[in-house]
Amino acid sequence: MKHSKIITAATLLAVMASSCSLFTTKPTVSVDKTTGEVVVSSPTQTVTAIDKVLYGEWTVANVNGTAVKGDERPYVVFDTTGVNPFQLKIYADNGCNILNGDIAVTPGGEMRKASEFLSTMKYCADAPYEIGINMAFDAVASFNVEKIGNDYIMYMKNASGTTLMVLRKCDITFINGAWTVTRLGNQEISEDSGMKLVIDIPELKVHGNTGCNILNGNIFVDPDKQNSLQFKDLATTRMMCPDIENEQRFLVALEQVETAVSGADGTTAQLKDAQGQVLIALKRLNLK
């Protein structure tokens, strides 16, 4: 291992020591409102950006200038378990094998491999992004992050500034939780109807009640679309109820949902179709 290719523990300790307030202040992530770029110009901002932005799962969108396509995309998870805020645990799927290792970042926007990566050894006949992703982790020297709508875009670059890999994190956590349906299309729905949804983004599952039957299904988030939210494989129990017509309208609407939009205060949300028409209006349930 060449020391010029990694950030040593001594360097990281020196960086941490340079900011006494590093762990005592947690300012808001600085985002340039014109460009959408997340600013990481100081150690404190870097730690906050890691905490608020980098942690979590990112979908690989582009490798060496080639757009990544398909339903099953390679991904990278920046883990939160590391004690050192400047050294991140990496768990990645390169389209064939699983990688584990460490990445280090500095306040100036540097990003470098901080350990040898372990990998499974599976052979895949069709894994067009595997080599490019592996090489990106080997050669990465810097990064920057842009915020576009509710999504974050990360650019991993080499020492010459060439982009090696583009990652995208879709942030629709605002829709996570329990909701009651207040409107179907133009029709108001009473909160006493029992028509409810529990949306579980981390598990990509949806549960609920149609006002008559119990509902379960899966969630798909399109990594290429802003605010994407789709309900798949919906199944219900089969009780007969007087308000069965509203149940059918509810199920048809769920199958047409393409995006989710948050209300101003986070207590309401709208589910829309591909044309942007509101199909379902939701109000958050405050469950204990």
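Trainee: Which residues lie nearest the centre of the largest pocket?

Mentor: In this predicted model, Glu-57, Thr-59, Ile-201, Leu-204 and Val-221 lie nearest its centre, and the lining has 25 residues. The space in that largest pocket comes to about 920 Å³.

Trainee: What makes a residue part of the lining?

Mentor: A lining residue has an atom within 4 Å of a point of the pocket. For the largest pocket, 25 residues line it.

Trainee: Where does the second largest pocket get its lining from?

Mentor: Its lining includes Asn-213, Ala-235, Met-239, Ile-244, Gln-248 and Leu-251. Strand E18 (230–236) and helix H4 (244–256) are the elements that give two or more residues, and H4 gives the most, with four. About 150 Å³ of space lies in this pocket. By class, the lining has five nonpolar, four polar and two charged residues.

Trainee: Let's stay with H4. Why is Asn-246 called buried?

Mentor: Asn-246 lies in helix H4. Buried means under 20% relative accessible area. Asn-246 has 11%, so it is buried.

Trainee: What makes the pairing of Asn-246 with Gln-187 a polar contact?

Mentor: The cut-off for the N or O atoms is within 3.5 Å. The side chains of Asn-246 and Gln-187 make their contact at 3.5 Å, and the side chain of Asn-246 also makes one with the side chain of Arg-249, at 3.2 Å. Leaving aside neighbours within four places in sequence, Asn-246 is in contact with Leu-184, Gln-187, Ile-189 and Met-195.

Trainee: Why is Asn-64 called partly exposed, and why is Asp-233 called exposed?

Mentor: Exposed means over 50% relative accessible area, buried means under 20%, and partly exposed is in between. Asn-64 has 48%, so it counts as partly exposed. Asp-233 has 61%, so it is exposed.

Trainee: Where are those two residues found?

Mentor: Asn-64 is in the loop between E3 and strand E4 (66–67), while Asp-233 has its place in strand E18. Phi of Asn-64 is near 55 degrees, a positive value in a residue other than glycine. Phi of Asp-233 is near 55 degrees too, again positive in a residue other than glycine.

Trainee: What makes a set of residues a nonpolar core?

Mentor: The residues must be buried, of the listed nonpolar kinds, and joined through side-chain atoms within 4.5 Å. The largest such core here has 32 residues, and among those with the most contacts inside it are Trp-58, Phe-78, Met-111 and Phe-137. Another core lies apart from it, with 27 residues, including Ile-175, Leu-197, Val-206 and Ile-219. In soluble globular proteins, nonpolar side chains tend to be buried together.

Trainee: Which residues is Met-111 in contact with?

Mentor: Neighbours within four places in sequence aside, the list includes Phe-78, Ile-103, Val-140, Phe-143, Met-154 and Met-156.

Trainee: And the whole protein: how many helices and strands are there?

Mentor: There are four helices and 21 strands. Of the 288 residues, 44% count as buried. Among contacts with a separation of 6 or more, 48% come from residues 24 or more positions apart.

Terms used
Residues numbered from 1 in each chain as written. Predicted model: local features only at pLDDT ≥ 70, side-chain atom pairs only at ≥ 80, totals over all residues. Heavy atoms only, no water. 1 Å grid on protein atoms, 1.4 Å probe; cavity = no way out; pocket = protein on both sides within 12 Å on 5 of 7 lines; lining within 4 Å. Points joined across faces, edges and corners; volume = space filled by probe spheres on them. Nonpolar A, V, L, I, M, F, W, Y, C, P; charged D, E, K, R; others polar. Buried < 20%, exposed > 50% of the residue type's maximum accessible area, 1.4 Å probe, protein only. Polar contact = N/O pair within 3.5 Å; in protein donor to acceptor, adjacent residues only side chain to side chain. Contact = heavy atoms within 4.5 Å.
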